[in-house]
Amino acid sequence: MKLHPIIAALKKHKAGVTLITLQIALTLAIVCNAVFIIGQRVERVHRPSGIDEQNLFLIQQAYVGAPTGDDAASIEKLDAMQRSDLATLRGLPDVESVTAINSLPLLDSSWTGGVGLKPDQQHSTEHAAYYFGDEQMIKTLGLRLIAGRNFTSSEITNRGFRGVGEPPMIIVTRALADKLFPKGDALGKTVYLDGLAIPSTIIGIVERMQIPASGSWGNSFVWNSVLQPVRLDANYTRTAVRARPGRLDAAMSEARDALFKDNPMRVMENQPDIGIGIMPFSEVRARAYRADIGMAILMGVICLILLCVTAAGIVGLTSFWVGQRRKQIGIRRALGATRNDILRYFQTENLMIAGAGVVLGAILAVGLNLWMMKQFAMDRMSLLYVLVGIVVLMLLGQGAVFAPARRASRVSPVEATRSV
Amino acid sequence: MFAYYLDLALRSLKRHKALTGLMIITIGFGVAASMTTWSVFRAVSGDPIPWKSSKLFVPQIDNWGPAGHGPKDTSNEPPDAMDYTDAVALMRDHRAKYQSAMYQIGSAVTPQRVGQHPITAGGEAVYSEFFPMLDVPFKYGSGWSAADDEHRAQVAVISSRLNDKAFGGGDNVGKTLSIDGHEFRVVGILDDWHPQPQFYDVVNTGGFSEGGGSLFVPFTTAIANSMNNNGNTNCNATPKEPGFIGLQHSECAWIAFMVQLENANAVRDYKQYLDNYAAAQQQAGRFTWAPNNRLRGLMDWLDFEHVVPSDTKISLYVALGLLLVCLVNTAGLLLAKFLRRSSEIGVRRALGASRREIYTQFLIESGMVGLAGGVLGLVLTGFGIAGVSWVLPRDIAALAHIDVSLLITTLIVAIVATMLAGLYPTMRAAAVQPAWQLKSN
């Protein structure tokens with residue numbers, strides 16, 4: 001098929017062609033970036049936390065009228081209260097294991113610090129999240145120890161919430177170990193936490209454990225976790241509990257009753273917005289990623305509307321052109337053009353308009369991405385998104401133009417004799 | 001004439017139902033998407049205290065110096081909160097009309113009613129000037145006095161919600177409340193007061209919270225009672241001593257600060273005072289660097305702290321992009337529609353209608369499409385706002401609401417936008433040469 005008659009015809013509808021081209025270009029630019037955002041959010045939401053989330057729940061509670069934790073005696077008193085709670089929980093029939101802990105992956109309450117390779121290092125080598133817990137931390141969270149050993153119960157120390165002191169031994173995630181010791185020989189090596197001169201030996205390496213922060217500020221160190229054999233003592237405690245398989249609900253209600261029975265002077269009624277109460281880990285995960293899932297849905301809805309609007313626009317404008325050109329179509333048909341020729345004419349016309357649109361759109365899409373990178377610290381979009389977007393929009397154009405084009409192909413040659 | 005054009009427009013719109021419907025739906029969706037996201041954006045980026053925000057300032061003192069910044073941080077910005085030493089010094093010097101240091105507390109409150117478990121109440125430890133500075137509304141009672149600050153009085157101001165939870169409602173000024181095991185006398189109960197963003201302490205609250213502060217106690221009392229900081233603590237070095245005392249003696253940043261300054265002179269003087277203070281600290285040997293302070297106005301401060309989540313901004317921009325595409329689409333459809341009527345225009349022009357009248361006629365027709373699109377947009381915005389609660393974070397989505405101004409804005413945006421989209425098609429319609437059209441017929 002020769003293209004120049006099509007181009008000649010399009011020149012007669014400059015404004016309409018420009019508008020459709022512009023619309024396709026804008027749609028491509030927005031949809032590419034929106035789908036890119038969706039892709040990133042979905043990827044974030046699906047990354048494994050490294051812990052076994054099934055049957056796991058979290059208890060967050062505060063003691064009423066507890067000692068301040070500012071002096072040694074009151075720290076010991078707080079520790080006794082915490083140990084008593086742990087013992088109570090460990091004695092429950094539906095509970096498999098229990099650990100004191102300061103936070104959990106995705107809980108969004110972080111304790112972070114710098115890890116250095118030399119004592120008194122001014123700028124740390126790596127940033128990492130600290131998990132303080134006891135010898136049951138690995139078992140309760142279902143972490144996979146891939147090298148070295150776990151803490152023993154005699155190695156667990158305790159200190160006040162704002163206590164000072166670095167532990168002589170730590171367990172780190174493989175990601176952190178590999179970053180600190182690229183040769184893969186981290187086990188047994190010594191590191192220094194928080195720019196101090198106190199050495200901590202790496203006695204174990206776990207496969208994976210995500211940091212508590214789910215916001216983008218944690219992106220640069222999302223797998224850097226350090227496990228410390230420390231029970232933190234404060235009037236506020238967190239406890240992670242693994243229920244026996246399938247007994248999550250029963251274990252949660254047993255835990256609540258048993259703890260209140262043990263000592264009613266505590267705040268534990270569910271007030272998740274201020275971090276109090278008992279909740280399954282699934283809720284921790286849902287809370288952490290709510291905004292990401294929401295953003296993905298919002299972007300999805302907008303993409304869908306955009307594509308529909310653009311398709312409808314193509315249908316509308318092409319219908320108009322078909323209506324305008326009934327006489328010409330009739331003449332062509334009378335001169336021997338087949339129905340297929342007419343159909344192909346409109347399909348090709350749309351291919352050309354959409355082609356121009358997606359070229360402009362690809363440039364806009366990349367430009368928009370660059371602008372968002374600067375404005376919102378977004379990542380660079382892979383060109384694959386643009387390529388797929390181009391294909392989708394071209395197909396959308398072809399699909400949208402089909403109905404009016406078919407109507408055009410049904411114009412009878414008799415139209416050629418009509419005066420209008 | 002207007003009525004006549006309206007009639008013409010209606011007839012024309014009725015003639016091409018599918019095309020008209022398409023345009024109305026397009027406009028409706030475009031307007032609804034942008035108004036829904038805008039309502040969220042408006043809620044989170046608005047001025048939380050418009051009548052006073054120009055007088056409220058947040059001072060920052062660089063107590064960490066150049067070494068306190070990470071190797072990648074070249075901004076030379078001081079910490080965004082204060083350490084205890086500086087906060088107390090600024091309170092003592094008392095150079096602003098009103099000022100208050102504050103930190104976030106989370107306390108166990110034991111309700112008076114029997115059989116109830118203790119509850120946690122979040123709030124702030126503040127100075128007495130906090131209440132007049134922020135025009136905090138009271139339902140019963142009032143804030144406490146400067147003397148209470150000084151004597152570390154066990155007094156508290158509580159929100160209506162906490163009042164309901166702890167006492168079951170009513171005027172309970174003068175009654176006592178057990179907070180973290182200490183007896184506090186309730187001196188004031190707040191009226192509804194949930195400023196969003198929670199502008200007085202964005203450092204510790206992140207700007208938005210579902211409940212808002214429900215408990216306020218004197219800063220001095222909170223320190224004396226060792227009520228721990230429930231907000232963020234940022235340290236450039238590990239505190240030398242353990243515990244809450246260690247935190248108070250450290251250079252860690254954890255205290256928010258706000259001052260009220262009446263005019264430009266007062267602002268200049270206060271900035272000078274801050275620099276003098278830092279210079280004195282330098283002389284005393286505590287700081288080894290030149291004064292590096294900031295004094296940001298409230299709105300600048302909220303902007304600096306990125307209180308508006310970037311997701312909210314992105315959604316707004318993407319929705320505006322959608323609206324733009326919808327307008328381009330509508331322009332194309334209107335163009336098709338108007339040009340199809342070239343012969344009608346030709347006849348009207350030949351019968352004496354001026355260009356101006358053709359303009360009026362077609363702009364009215366565009367406006368009608370816009371109005372219909374706007375009405376559909378209103379309905380869809382309603383659904384949109386109901387829907388954001390499961391799309392956006394709950395604390396932020398809860399702020400989005402429909403009010404009269406949103407309704408009016410939606411309609412105006414729809415009509416004006418459609419008329420803008422109709423401008424070029426109308427121009428083309430008005431440019432139709434009457435002779436040409438008549439001839440070809």
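**A side chain and its surroundings**

Modeller: Let us begin with a polar contact, that is, a pair of N or O atoms within 3.5 Å; within protein, one must be able to donate a hydrogen and the other to accept it, and residues adjacent in sequence count only if both atoms are side-chain atoms. Here the side chains of Asn229(B) and Thr233(B) are joined by such a contact of 3.1 Å. A polar atom of the Asn229(B) side chain also lies 3.2 Å from the backbone oxygen of Asn232(B). This is a predicted model, in which local features need pLDDT of at least 70 and side-chain atom pairs count only at pLDDT 80 or more, while totals for chains, interfaces and linings use all residues. Side-chain values use heavy atoms, without hydrogens and water; residues are numbered from 1 along each chain as its sequence is written, chains are lettered from A and ligands numbered from 1 in the order in which they are written.

Colleague: Where is the place of Asn229(B) in chain B?

Modeller: Helices (H or I, at least four residues) and strands (E, at least two) are DSSP runs, numbered from the N terminus. Asn229(B) sits in the loop between α8 (219-224) and α9 (243-249) of chain B.

Colleague: Does one call Asn229(B) buried or exposed, and why?

Modeller: Buried means under 20% relative accessible area, exposed over 50%, and partly exposed in between (1.4 Å probe, protein chains only). Asn229(B) counts as buried because its relative accessibility is 6%.

Colleague: With which residues is Asn229(B) in contact, leaving aside its neighbours within four places in sequence?

Modeller: Contact means heavy atoms within 4.5 Å. With those neighbours left aside, the partners of Asn229(B) are Arg162(A), Tyr103(B), Gln104(B), Phe244(B), Leu247(B) and Trp254(B).

Colleague: Which value of phi does Leu106(A) have?

Modeller: Leu106(A) is not a glycine, yet its phi is positive, at about 75°. Leu106(A) lies in the loop between β2 (95-100) and β3 (112-116) of chain A, and is buried at 2% relative accessibility. Asp194(A), also a residue other than glycine, has a positive phi near 60°. Its loop runs between β8 (190-193) and β9 (199-206) of chain A, and Asp194(A) is partly exposed, with a relative accessible area of 27%.

Colleague: How many helices and strands does chain A have?

Modeller: Chain A has 10 helices and 14 strands. Its C-alpha trace spans about 105 × 50 × 35 Å along the principal axes, and buried residues make up 53% of its 420 residues.
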